[in-house]
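Hi everyone, thanks for coming. Let's have a look at this chain together, and please keep the picture in view while I talk.

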Amino acid sequence: MDSEELGSGSGLQIAKSCDKTIAGATPVPSATHEQSLRSRIGENFIQALPDTRFIARVAQRLELPAIITMLAQSFYHRFQASSSAGEVEASLLCMAILYLAAKTEDTPRDLRDVITTGHAELHKYDTSFEVMHIDEYYRDLRDSVISVEQLVLRALQFDVGGDRPQMFLLTFLHSFERDAAERIAPPQMTQLTRVAWAVLNDAFHVPLCVAMAADELAVLCIHVAAVLLDVPSALHLREYLAKLCPSACTGNPAVVDRYGEQLLAFYDYKTQGNRQSLLLL
């Protein structure tokens, strides 16, 4: 998103400042290193970052649970994969999607709160920023967000349900903890669980939730967490996960390996190769 001034009236143009925000918060690799990482990751992983991070920051300001943030980000990726992609200004789309996700999970937020919070997040670096007033401009913006929400619902074919990878992740980890109690110490298991959950959070910033089934994504995140933590191969974690989710580990392992490599490259892109900085939880 670019940092533009908010428009008004029927020609509503919402500011787009996420690129500037992320650029200020993310380490910038050298040009050669960045080009290499972009090649490994894929441009579709990187292009979505400004919008998905904007969704996460607004959700945090609204004190929404992580599961709603992830759901909103999955709606975003599904919408971008639809024929309606590109028709909507990015910040309008993000606010409408977050509003829809909160309602879907029975944790609704008032539309006015979503809009004013999104407006504040867009302009948090603007020294001339003023709190949004409930006036004609606000009402135009509210109507635009409602219209975009309807567009999103049609693009998703009103399918806002489906399996949640969070449940698969926790179920797989619980089963592994029970069956591998003699081979993995409780502190290491706790760390594996925390990092796998963090990896799942990050996976929704990129379009993996569209490319993979929910159980396959859960397996991928556990596998990546094990790589990041250097879990001993003697634990045979991959073989164990293959029993729980054959389609991910035995049905098409090349796909899982490719997405795993993309996600690890994504971490290298975010941390300039210092993956250990991700584990300071």
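Helices here are DSSP runs of H or I with at least four residues, and strands are E runs of at least two, numbered from the N terminus. A word on the source: this is a predicted model, where local features need pLDDT of at least 70, side-chain atom pairs count only at pLDDT 80 or more, and totals for chains, interfaces and linings use all residues. Residues are numbered from 1 along each chain as its sequence is written, and side-chain values use heavy atoms, with hydrogens and water left out.

Now back to H12 itself, residues 214-229. Across the chain, buried residues make up 49% of the 281.

Helix H6 (residues 90-104) and helix H7 (residues 111-122) pack at about 140°, with axes 10 Å apart. Those axes are lines fitted to C-alpha atoms over the stretch in contact, and angles run from 0 to 180 degrees between N-to-C directions. H6 and H7 are therefore oblique to each other, as angles under 35 degrees count as roughly parallel, over 145 as roughly antiparallel, 65 to 115 as roughly perpendicular and the rest as oblique. On the H6 side, the contact (heavy atoms within 4.5 Å) is made by Ser-91, Met-95 and Tyr-99.

Definitions and conventions:
The expected span of a helix is 1.5 Å times one less than its number of residues. Buried means under 20% relative accessible area, exposed over 50%, partly exposed in between (1.4 Å probe, protein chains only).
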